[in-house]
Protein chains: 2
Amino acid sequence: MAETKVLRIGIVGFGTVGTGLAKILLEDARTIADRTGIRLELVRVADKDTTSPRKITLPEGLLTEELDRIINDDSIHVVAELVGGTTVAKEIHLRALRAGKHVVTANKALLAEHGRAIYAAAIEADKSIGFEASCCGGIPIVLALRTGLIANRIEGLYGILNGTCNYILSQMTQSGADFKSVLADAQAKGYAEADPTLDINGTDTAHKLAILGGIAFGGQIRMDDIYIEGIEHIDIEDIHNAREMGYVIKLLAIGEQAADGSVSLRVHPSLIHASTPLAAVSGPFNAVSVSGHSVGKTMYYGRGAGMMATASAVTADLIEIALGNSRRAFRTMPMVTGTGQALSIRKIHDIECRFYIRLMAKDEPGVVAKYGKILANHKISIRGAIQHEGRGPDNTVPVVITTHPTLEQNMFNALDELARLKVIGHRPVCIRIVDIPEDSE
Amino acid sequence: MAETKVLRIGIVGFGTVGTGLAKILLEDARTIADRTGIRLELVRVADKDTTSPRKITLPEGLLTEELDRIINDDSIHVVAELVGGTTVAKEIHLRALRAGKHVVTANKALLAEHGRAIYAAAIEADKSIGFEASCCGGIPIVLALRTGLIANRIEGLYGILNGTCNYILSQMTQSGADFKSVLADAQAKGYAEADPTLDINGTDTAHKLAILGGIAFGGQIRMDDIYIEGIEHIDIEDIHNAREMGYVIKLLAIGEQAADGSVSLRVHPSLIHASTPLAAVSGPFNAVSVSGHSVGKTMYYGRGAGMMATASAVTADLIEIALGNSRRAFRTMPMVTGTGQALSIRKIHDIECRFYIRLMAKDEPGVVAKYGKILANHKISIRGAIQHEGRGPDNTVPVVITTHPTLEQNMFNALDELARLKVIGHRPVCIRIVDIPEDSE
């Protein structure tokens, strides 16, 4: 065995992931050293709360409430920022970098919203930021995109990136219960936060897409480059209808690069065909399907969050930093350097998409002709339709339609017009259908 | 953008993968340089055959039949050995290393059978071998195991590693045709070689398991550490029976490390439950499910072979070499250095497994009691059974049994005894059932 190199680590934030990382550093350091020649040494853990019980007992003297005892300790090489949020965390990153330390983090919100400032500070300090843990927990997707698929022009990236949303949608599909009651159940079981807003409204998924898209397409992505829709309005009826037509509803992060180089980035509930591998990803799991011009379609699956899975990813980054590999990979990424051509972003209205529409129409002669005409006027071609016999309130019947690909803008206009139609009188439910490209044999 | 570093490459072997690599190096070098700061430069391609048409036209003067024009060219940093086989290829590796060049390769047979000598020569020369392309084509599985999951003690690795076998088994399952006719069809379509022996007898899968297992479990694996059984004897009847009982038959590579540290390595046809993600991997695709003690279960999926997918993996290795990342990662792997404790290998007879058995029994009173007694005597407990009404030749009926876990040795002995039983009179068909551990929530 070659000589062992020591990497000294300070953890800031002794919550779930901080606890998981401390556990690995205390329990597995020796095995890891045998395999890598790198000895990971936990020097200090800082948290405002030094008294609550955690799932691991730290050696005497390791836990402190003073951040400065990490920042000002010149023997510490790396700060693991596991605080979360975008205010204190940003300060920790900047201070750690200025103090000549690398940073590893699971903080997708911070990197998605303040990445430019943080990357610039890292380059300035000649240090790197390890952020494998920021996307998809333990799945090495940052590594796959940054290194494994580097020879590829990425054409499409389709991800289930938020475990809470996927758990809720999976439960609704399996149990037939509605959004509200499944959310309450998810909160009780720990799969959803007390305030789940950022998860269910798609923001967390978009944070991760900003990072993964930045690597995949080689540029800096701003949050307002991403169109975002959450799962709050998914009705159990649409899940049933989707299933009847051979689809499953998932909250997807989508990044696509067209042949002209323009990039589309969006997060929205999506009907995907039940035979697509992503359709089988259920519960709190994450998965990302990536298509490259050389490699074809690849897929990555695993636990997208959780104490040990996320800590596993943080540890991989620590090893890469100690080996000296992070610095080089980090400094050559256009997302980090901000050099190279800016990405040309294609806005949602200019995308072609298929749609699922559900409306309640009056049960009277001529109705089909009326909505059919509106769709036709907007160049929207119907691919499938279901109108079960039976009645809704006010002598209405539910009509479900799927369309051929059409411009988002056309659909937007058609929905406006349908809402004004007397025999409908409301804006129809509209969910996008995403046909994930197959890797043809 | 930082300064661009040039990596000069010589390709040896201008077959399928060599052509794919040349295509990437000629067509995508500029994009890759923009993203990585590394300029990949194809200097020379050597092959005995310099006249057959290929899918790419090389610039004048690049193609040569003289290997020495690569080995003796001091301006070339890396040799891409894409010849295959274990004789000439070995010589190429050793000569390239001695000449001070790194080597990248897709040659699983060579590394599985002569890895020790080659790794030692690389360490001696202070160069590295990049072998991402040797396993699962474009799927970055070597990278995931070596880097992404480095914090983990790998507990289990379950892979569909051979596209030919998976294509054949998938086709048998879908079409109901028998092994021979599906193989002929696969050969006609280019999914099977003219001589498919090493694919269908499991050797190719075992080569890959030797490499992936070596990384995952941190040690050098010899080919005779691996138990190997191929798919030549899979009967369409067993595929039907498996399906009726909720299973799919796949050729699996299995690596498991028990709590006592002992490692079991085996390649054999396996009944896996139809709901397992690996069961959905069909056609020529590959997938690997990896369970780590921290990360839980992760899975990697993609095209396991083919010109561009494999070339994509070779290119990723070239970038890693140019960035200087390969050298460090390579030299710290116990599989490469041969240091550290040797793996304790658990032989097949000592494994506990579930089994599927099919036998033809005489249709007469007392038969069930007879074979039931033999199984019981060997401590084999029946979990499920099917005996459809109907007749086989000589007044026999087919009986299908699945068992609870039992020692391989017990089953081996029971099969011997069943074969001697007058009412059976032949060694029953026996296929292992593999319960891939779920990542419980």
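Modeller: We begin with a definition: helices (H or I, at least four residues) and strands (E, at least two) are DSSP runs, numbered from the N terminus. This is a predicted model, in which local features need pLDDT of at least 70 and side-chain atom pairs count only at pLDDT 80 or more, while totals for chains, interfaces and linings use all residues. Residues are numbered from 1 along each chain as its sequence is written, and chains are lettered from A, with ligands numbered from 1, in the order in which they are written.

Colleague: Which residue just after H15(B) takes a positive phi?

Modeller: That residue is B:Lys379, with a phi of about 60°.

Colleague: Which residues of H15(B) are buried, and which are exposed?

Modeller: A residue is buried if 20 or more other C-beta atoms lie within 10 Å of its own, exposed if 12 or fewer, and partly exposed in between, with C-beta atoms placed from the backbone. In helix H15 (residues 367–377) of chain B, the buried residues are B:Val367, B:Tyr371 and B:Leu375. Seen down the axis of H15(B), these residues fall within an arc of 55° (taken from the directions from the helix axis to the C-beta atoms), so they line one face of the helix. On the other side of H15(B), B:Ala369, B:Lys373, B:Ala376 and B:Asn377 are exposed.

Colleague: What is the general idea behind such a face?

Modeller: An α-helix has 3.6 residues a turn, so residues three or four places apart point the same way.

Colleague: Against which elements do the buried residues of H15(B) pack?

Modeller: Two residues are in contact if their C-beta atoms, placed from the backbone, lie within 7 Å. The buried residues of H15(B) pack against strand E13 (352–362), strand E14 (382–386) and helix H16 (408–420) of chain B.

Colleague: What span should H1(B) have?

Modeller: The expected span of a helix is 1.5 Å times one less than its number of residues. For the 12 residues of helix H1 (residues 16–27) of chain B this gives 16 Å, and the end C-alpha atoms are 16 Å apart, which agrees. Among the buried residues of H1(B) are B:Val17, B:Leu21 and B:Ile24. The elements against which the buried residues of H1(B) pack include strand E1 (5–12) and strand E2 (38–46) of chain B.

Colleague: How is a sheet read?

Modeller: Strands of a sheet pair through backbone hydrogen bonds, either parallel or antiparallel. Here, two strands pair if DSSP finds at least two bridges between them. Chain B has an open sheet of six strands in the order E3-E2-E1-E4-E5-E6, with parallel pairing. Strand E3 (63–64) and strand E6 (129–130) of chain B stand at the edges with a single partner strand each, so one side of each has no neighbour in the sheet. Strand E5 (residues 102–105) of chain B is joined to E6(B) by two bridges, and B:Val104 stands opposite B:Gly130.

Colleague: How many residues of chain B are in contact with chain A?

Modeller: There are 59 residues of chain B in contact with 59 residues of chain A. H12(B) gives the largest share of the side of chain B that touches chain A, nine residues. Strand E12 (residues 296–303) of chain A and E12(B) run antiparallel, joined by three bridges, and A:Met299 stands opposite B:Tyr301.
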